[in-house]
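Trainee: I am new to this structure. Could we go through it by question and answer?

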There are 2 protein chains.
Amino acid sequence: MSRPTMETVAERAGVSRALVSLVMNNSSKVSEAKRQAVLRAAEQLGYRPNLHARNLAQARTKTLGMIINDIHNPFFAEVVYGVEAAADDYGFDVLILNGGRDAERERRAVETHLQFQVEALILVGPKLDDDDIIRASAVVPTVVVASGRDNPGADTITTDEERGAALAVQHLVELGHTDIVHIDGAANISSRARSRGYEKAMRSLGLEPRILRGGDDEADAEAAIVNLAETDSMPTAIFAFNDLVAAGALSTLEAAGLRVPDDVSVVGYDNTFIAELNHMSLTTVNQPRHQMGQLAIRTVLERIEDDRTEPTRIDLAPTLSVRRSTAPPRKA
Amino acid sequence: MSRPTMETVAERAGVSRALVSLVMNNSSKVSEAKRQAVLRAAEQLGYRPNLHARNLAQARTKTLGMIINDIHNPFFAEVVYGVEAAADDYGFDVLILNGGRDAERERRAVETHLQFQVEALILVGPKLDDDDIIRASAVVPTVVVASGRDNPGADTITTDEERGAALAVQHLVELGHTDIVHIDGAANISSRARSRGYEKAMRSLGLEPRILRGGDDEADAEAAIVNLAETDSMPTAIFAFNDLVAAGALSTLEAAGLRVPDDVSVVGYDNTFIAELNHMSLTTVNQPRHQMGQLAIRTVLERIEDDRTEPTRIDLAPTLSVRRSTAPPRKA
DNA sequence: TTGTAAGCGTTATCAC
DNA sequence: GTGATAACGCTTACAA
């Protein structure tokens, strides 16, 4: 009834357990005859190695633990693909646990991964605080992806988000805009850097920044814009914290009878597939997600295999994807 | 250097290894004094149980393996949350592997999960063929979520997609449409059922079905509609295979100077957050994804704990989410 | 090239 | 209550 083990295979093939092990790990020092016999026996029995036993016997697990802030968020999916592709190349399995936008859940996920003896932790857009990350990285190599802040003890793969925001501002200014409002990400982890980038860029161009409190979804954008319409003047361009907020801006503006980009230009951030949708066609700041994923793997591998111990930080360059939500202002 | 084990903790606490085990599994038959001593020692050493050792020693792993067709697809995320919530309730860990829209990758993922000795397999929108599923379900309880076809040997949690398509048609007909085109999902797994539902509903209402070959993304919709415009007449309503195809229809129609819903109504399928975006506001067929996830867990648990052996199939009822992409035809 | 045997970190079954 | 001791399924010297 229970699953066949090496023992079973060994008996069937008329060899010792150790020999079966050698065959399974395709050692070169096994005679072709026995190898065939073992493989045949394994095949017939439907033998499947027990990873727990293997991991216990060996020092290592060849397994990496990844925690994704929110599996809903399409931004992270691309990072995952990058991570998986690279991990494949190096023969590592990647176990995914969903953080569910909740620090407590993430903490439990870290714990689960550690109990599984993963060789490294890859945290994608984590909600964890510094202490959590310090604690984790004291146990296994840890790399944080897509969270601009400094992560003590851990490696960091991110993009320069101040620069990303500056790209957005530059683009709008080049089009002729001077009255550009930023709807920020409120408590979101990347919000600070993006706002700062916006503000610096505006000032360095001699323009007055205007920052509205936003958030990370459509409703937040709506609230911000309604508030803007009531208490202040409508700008000719809006730079939103992310694509979803930009999407909210789009519909709120249109509901108010304003055309995008004719009356108001809108720029998003993240280049998620929302921005790509033809019907939205959002100009947005792009982060090289796939590459970020790959670098995450490379980085932890340097710790695992080459035992680097100094924390590393890689700041990739964001780029701007120009689409149809931006245009010169009505009258320059 | 290496991580502390029960042995280490036992020494430190001045007890036997077995006693530590009892404490860790909070057995009632341990004196309070020793319990405290053990816990303190574990705390100080940063002891963490080794799941591989535990899983090896015990018969079971309390772990479930989930494979997601494509982590990009927001439709699946919701299912994942349902699965996780229910699994939590029953004290199971859920390991996620990404199928990457590729049958071969999924096959490897199944293999990995089996080697990890998961107690059940949850396949969300799998690309695997019948044989793969038969093979898997011969080894562990397997439940297939969100794939309408019959899955021999496995349990199935799905919605009645024929019915979903019929809901879309009914809605359009009630609005007054008679000329309704369906853009299908081509080779996609759910395409057959949805097309069939559309066709039956049309015929039963005395209307002539027109089915265009589509696919599962925006470009497919564009191709279908351009083709339609060139070789045939434009209908007053389009029922698309899914939301993304519907989104493609939206932009292609508007690019052609047609207004939605004034000139053409559009209905999607899946109620992903694309449909929810205010700016898209797609009428679409909804599947109770969270509930599907929960039922998946319940179903496999019946096999694991109550050892049911007969395959089960649950067909949930889809519903229609009416938004702003549908309206009565121009002149009824 | 093959087999023997020890050990990986737990749990579980006994005695004490 | 507590502590030996034998599994669990595999890898890995070391012998043969």
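Trainee: Which residues touch the most other members of the largest nonpolar core?

Mentor: Keep in mind that this is a predicted model. The largest nonpolar core has 60 residues. Those touching the most other members come from chains A and B: M66(A), I122(A), M66(B) and I122(B).

Trainee: Which residues does M66(B) touch, not counting residues up to four places away in sequence?

Mentor: A second, separate core of 47 residues, with L212(B) and M280(B) among its members, is left aside here. With residues up to four places away in sequence not counted, the list for M66(B) includes H113(B) and I122(B).

Trainee: What is the area buried between chain B and chain A?

Mentor: In terms of residues, 54 of chain B are in contact with 54 of chain A. Carbon and sulfur atoms give 58% of the buried area. The area itself is about 5000 Å².

Trainee: How many salt bridges does the rule find across the interface of chain B and chain A?

Mentor: One salt bridge joins R48(A) and E111(B), whose closest N and O atoms are 2.9 Å apart; the cut-off is 4 Å. Across the interface of chain B and chain A, the rule finds six.

Trainee: Which element gives the most to the side of chain B that touches chain A?

Mentor: The elements giving two or more residues to this side include strand 1 (63–68), helix 5 (74–89) and helix 6 (103–115) of chain B. The top contribution is seven residues, and it comes from helix 5 of chain B.

Definitions and conventions. Residues numbered from 1 in each chain as written. Chains lettered and ligands numbered in written order. Predicted model: local features only at pLDDT ≥ 70, side-chain atom pairs only at ≥ 80, totals over all residues. Heavy atoms only, no water. Core = buried A, V, L, I, M, F, W, Y, C linked by side-chain atoms within 4.5 Å. Buried < 20%, exposed > 50% of the residue type's maximum accessible area, 1.4 Å probe, protein only. Contact = heavy atoms within 4.5 Å. Buried area = accessible area lost by both parts, 1.4 Å probe. Salt bridge = Lys/Arg side-chain N within 4 Å of Asp/Glu carboxyl O. Helix = DSSP H or I, 4+ residues; strand = E, 2+ residues; numbered from the N terminus.
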